[in-house]
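Biologist: I would like to learn how to read a structure, one feature at a time. Can we start with the loops and then go on to helices and DNA?

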Amino acid sequence: MTTSHHSSSDSSRAFGRLATPVQRWIWDKEWSALHDIQERAIPLLLDTDDDLIITAATAGGKTEAAFLPLISSVIQAPGAGGFDLVYIGPLRALITDQFGRLEELCEKADLPVYPWHGDISASVKKRARADPRGILLITPESLEALFVLRGLEIPRLFASTRCIVIDELHALLDNERGIHMRSLLTRLEMSLGRRVRRVGLSATLGDMDLAKAYLRPDAADAVHHLDSISDGKELLVQLRGYRAGSNEGDESKTSVEFRIARHIFEKLRGEQNLVFAGSRGAVEEYSDRLRRMCEADRLPNEFYPHHASLSRDHRSFVETRLKDARLPTTAICTSTLELGIDIGEVACVGQIGAPWSVAALRQRLGRSGRRAGRPAVLRMYVSEREVSAKSGVADALRLSLFRAVAMIDLLIDKRCEPPQPQALHLSTLVHQILSVIAEKGGAPAGAIYDTLCVRGPFRLVDKALFASVLRQIGGPDVELVEQAPDGVLLLGRGGERLVEHYSFYAVFQSPEEYRVVAGGKTLGTLPVVAVLAVGMTIIFGGRRWRIKDVHDRDKVIEVTPDATGRPPPFGGDAGLIHDMVIKRMRQNYLSDAVPVYLDGEAKRLLAEGRAAFKQFGLDQAAIQTAPEGGWIVATWAGTAQNAALALALKARGFDVEQRDGLLEVASAEESLPAALAAIAAAPPPDVRDLLKAGATLISEKFHEHLSDELIALDASSAKLDLAACAGLAAAILAE
DNA sequence: GACCTGCTGCGGCGTG
């Protein structure tokens, strides 16, 4: 594909099928050829009405693969009113990016393109509603707002919609937001009384059959899949091990943080890089260290923090620097820089500490090595503590290192975590019940059940469960819904209050926050849960500050520059690790193979972990007595199952610590094997026992309106696998 | 022992 655009265009039959204005746009861009996925998508989208998933790395030409033929079809056979094409994107920034690209392309064809999200002015939205044509680019939440506020206009606005393009499909699969979007897709089709073609754009997906079923549940087999063949790019990986000393101070040049920062400083300076630090606190810690290293060497700073609590101003500044190849920039970041928005070519991706999922690691790595001929480079940094007689099992087994190795191995094998099709999503179900009632101005329970649970995405919710959810949210203390004498469901007092406020449209929870202000300028926000007092010093935005004042009423924290500081507490929940990762960790404990990507220290840590594994007897049996008393129980299960068994044991009076694939259990009156035998023979643990054992089950936005039983049922369908308890206990005893 | 995402209508004021 190195020919000039003349000959390649002439030789491409697909190119010839595009509408003239689209061909002219390609011509102006001086593309040497169409990408392979573009060539293949053109006939598929022009000759059929089939659903399609296109997978390719970031900037692999996915958007054009979908829109070049789709726009051509609109030009060749214009619609009669209503948006011709709808694009759903999970980020406002992504919609703004795509708007820029598509507007230029559609200008030549006299098709309007309307961006629609929270930052778009009411006047643009008004124009779009008055003359709905061309392309609508919208977030799931803004589409939700259209259903709630303009339910009756939906058939008119989307009358001629021939395709819905869903960008970053992998980010909108089985999480609450993905279920929300799929519910809206079903409701749109039902409102129009016809099927609308669905096209999903995505990075690599863990399970293509499941992804197809998510895109089109009733005809998954008929969904086509086009995959970019340019995926065979070279990958360079190094995993560097670090050993933390016992009594060193943070500022010491032998501290792990100093040594990792020093390595990043020396290896990454001079180019554009991303370093994922794992938490906002770690981002601040490393940004501050790296900035000071630049200052100490009298070099201009090129290391900047990027995470969701920093102001939009600061984040845009970092993103703009990343795009400008003349200004070497390394962003120390969280998953804010994982998705979508184009930040250009990145030389290297750093990862401090093992990530939580292979999917995230793969997505991050997709940011590197995008220019032909350059490999993708991943530098992973893992630290382990010095082991002493008092060390716990986790340190001795080198669990962090083994998790990092498992993640890299799975990445190299091109595997990643599949979705969880068994989750009920009751919080989002409550949201959608309220939304359907608002859309229609009232609806019979049977019709709502049909919309959401028969045709829509809540198919694991049967009639009995649906009825108990309705009874619960119609209860006297809740009053989200009420029933009219003719049986039609209406919004109750509580439901009206929820739906009337703009915060209703998103299905996910968001914490209350303080604004952090320095000299009148907002640096960002901190969660209210953080304990912040006047006089405390913090690192924020990569710089050091002293808290001058806390205004609780306005939720403002005033700060002034200072010479010292530590990252403030940012809050956060424990992460979920999939069974697949834990199983691979176990394989690595049992193996003698030494991965080539380990440095010397990582190799030594690997050998120490394997030695400890044998010394504890974990190669022999799953239950072992721990050196300081109590037991080690090897579950070799991911977080959902591991946490469930931990709770079942806590409910029986045991003190339990969760580790990757293991439980550390302190001695109790009951013997552990006897307790496991009882759990193996019993039905899943009762909610009341779990709550007494300290389980926090409320995790989603609308859980607060559900009963303990319904919340427990929801949790156990996704994050806490209670049903697996008995089988897991039996398997442990049998080993 | 964690990360991220999203948002309408309306009143008031200043400007062209």
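Modeller: Start with the names. Helices and strands are DSSP runs, numbered from the N terminus; a helix has at least four residues and a strand at least two. Keep in mind that this model is predicted. Now take Glu479: it is found in the loop between helix H20 (463-473) and strand S15 (481-483).

Biologist: What is the phi of Glu479?

Modeller: First the general idea. Most residues other than glycine have a negative phi. Glu479 is not a glycine, yet its phi is positive, about 55°. Glu479 counts as partly exposed, because it has 17 C-beta neighbours inside 10 Å.

Biologist: Which loop holds Lys414, and what is its phi?

Modeller: Lys414 has its place in the loop between helix H17 (399-412) and helix H18 (426-440). Lys414 is not a glycine either, and its phi is positive at about 60°.

Biologist: Is Lys414 buried or exposed?

Modeller: Count the neighbours. Lys414 has 11, so it is exposed.

Biologist: Where is Pro476, and how many C-beta atoms lie around it?

Modeller: Pro476 sits in the loop between H20 and S15. It has 6 other C-beta atoms within 10 Å, so Pro476 is exposed. Look along the chain too: Gly492 is 16 residues from Pro476, and their C-alpha atoms are separated by 9.9 Å.

Biologist: Is Phe654 buried or exposed?

Modeller: Phe654 lies in the loop between helix H24 (639-651) and S24. It has 21 C-beta neighbours inside 10 Å, so Phe654 counts as buried.

Biologist: What is Phe654 in contact with?

Modeller: Leave aside the neighbours within four places in sequence. Phe654 is then in contact with Leu649, Val665, Ala666, Ala668 and Ala675. Val665 is 11 residues away along the chain, and its C-alpha atom is separated from that of Phe654 by 6.7 Å.

Biologist: On to helices. Which residues of H11 are buried?

Modeller: The general idea comes first. An α-helix has 3.6 residues a turn, so residues three or four places apart point the same way. In helix H11 (residues 208-215), the buried residues are Ala211, Lys212, Tyr214 and Leu215. Seen down the axis of H11, they fall within an arc of 160°, so they line one face of the helix.

Biologist: What covers the buried residues of H11?

Modeller: The cover includes strand S1 (52-55), helix H10 (176-192) and strand S6 (197-202).

Biologist: At what angle do H4 and H5 pack?

Modeller: Read two values for a pair of helices: the angle and the distance. Helix H4 (residues 36-47) and helix H5 (residues 62-76) pack at about 35°, with their axes 9 Å apart. The crossing of H4 past H5 is right-handed. By class, their contact has 10 nonpolar, three polar and two charged residues. Those from H4 include Ile37, Ala41 and Leu45, while those from H5 include Ala65, Leu68 and Pro69.

Biologist: How many residues surround DNA strand B?

Modeller: There are 35, and the closest are His117, Gly118, Ser279, Thr334 and Gly572. Helix H8 (140-149), helix H13 (280-296) and strand S24 (656-659) each give two or more residues to the surface near DNA strand B. H8 gives the most, with four residues.

Biologist: How do the residues of that surface divide?

Modeller: The surface near DNA strand B has 13 nonpolar, 15 polar and seven charged residues.

Definitions and conventions. Residues are numbered from 1 along each chain as its sequence is written. Chains are lettered from A and ligands numbered from 1 in the order in which they are written. This is a predicted model: local features need pLDDT of at least 70, side-chain atom pairs count only at pLDDT 80 or more; totals for chains, interfaces and linings use all residues. A residue is buried if 20 or more other C-beta atoms lie within 10 Å of its own, exposed if 12 or fewer, and partly exposed in between; C-beta atoms are placed from the backbone. The arc is that of the directions from the helix axis to the C-beta atoms. Two residues are in contact if their C-beta atoms, placed from the backbone, lie within 7 Å. A residue is near a molecule or strand if its C-beta atom, placed from the backbone, lies within 6 Å of it. Ala, Val, Leu, Ile, Met, Phe, Trp, Tyr, Cys and Pro count as nonpolar, Asp, Glu, Lys and Arg as charged, and the others, Gly among them, as polar. Axes are lines fitted to C-alpha atoms, for helices over the stretch in contact, and angles run from 0 to 180 degrees between N-to-C directions. A crossing is left-handed if the near helix is turned anticlockwise from the far one by less than a right angle, and right-handed if clockwise.
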